[in-house]
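Please keep the sequence and the structure in view while reading.

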Amino acid sequence: MTGSRAVVSDGRTLGMFDLTAPGSPSLVATYAAPAFAFDMAVVGSRAYLACGNAGLIVLDLGAGSLSQAGAYDSPGFATGVSMSGTTAYLADGPGGWSILDVSGAAPVLLKSSVAQGPVADVAVA
């Protein structure tokens, strides 16, 4: 959720809802994921999706829209994402896990990766 908006996913499509009137949320925008979105993290005005064989997808949650702002095509099968500031941690199945710099508009930059796998999920404390 970002402000008075919520982002929801069924894995294939994301929907952004306006929650200004909580009793009647209204759909503002949709986005068709390039692959199944197994996990999602929202930080500020960005959503980060772990999208299977499409890797990490970064969405801009701008004024009433969901648009792709960046991507990282990981070597494995992305199933989990966790965020800490402008760093994304991506669980990449048989590819292990990756640490990504998402501070710029694009491209998403690989900081490091650990090829021990499979990794299904990742959390940052």
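The sections below cover the basis of the model, then the aromatic rings, and then a valine.

## Basis of the model

This is a predicted model, in which local features need pLDDT of at least 70 and side-chain atom pairs count only at pLDDT 80 or more, while totals for chains, interfaces and linings use all residues. Residues are numbered from 1 along each chain as its sequence is written, and side-chain values use heavy atoms, with hydrogens and water left out.

## Aromatic rings

Rings of Phe, Tyr and Trp (its six-membered ring) pair if their centres lie within 6.5 Å, and planes under 30 degrees apart count as stacked, over 60 as edge-to-face and the rest as tilted. By this rule there are 2 aromatic pairs. Phenylalanine 36 and phenylalanine 38 are edge-to-face, at 4.9 Å centre to centre with 65° between the planes.

Phenylalanine 38 also forms an edge-to-face pair with phenylalanine 77, at 5.4 Å centre to centre and 65° between the planes. Phenylalanine 38 lies in the loop between strand S3 (26-32) and strand S4 (39-43), and phenylalanine 77 in the loop between strand S7 (67-72) and strand S8 (80-84), so the pair ties together parts 39 residues apart in sequence. Strands are DSSP runs (E, at least two residues), numbered from the N terminus.

## Valine 119

Valine 119 is found in the segment after strand S11 (109-114). With 15% relative accessibility, valine 119 counts as buried, a term that means under 20% relative accessible area (1.4 Å probe, protein chains only).

Leaving out residues up to four places away in sequence, valine 119 touches several residues, including Ala91 and Trp97, where contact means heavy atoms within 4.5 Å.

Note on methods:
Helix = DSSP H or I, 4+ residues; strand = E, 2+ residues; numbered from the N terminus. Buried < 20%, exposed > 50% of the residue type's maximum accessible area, 1.4 Å probe, protein only.
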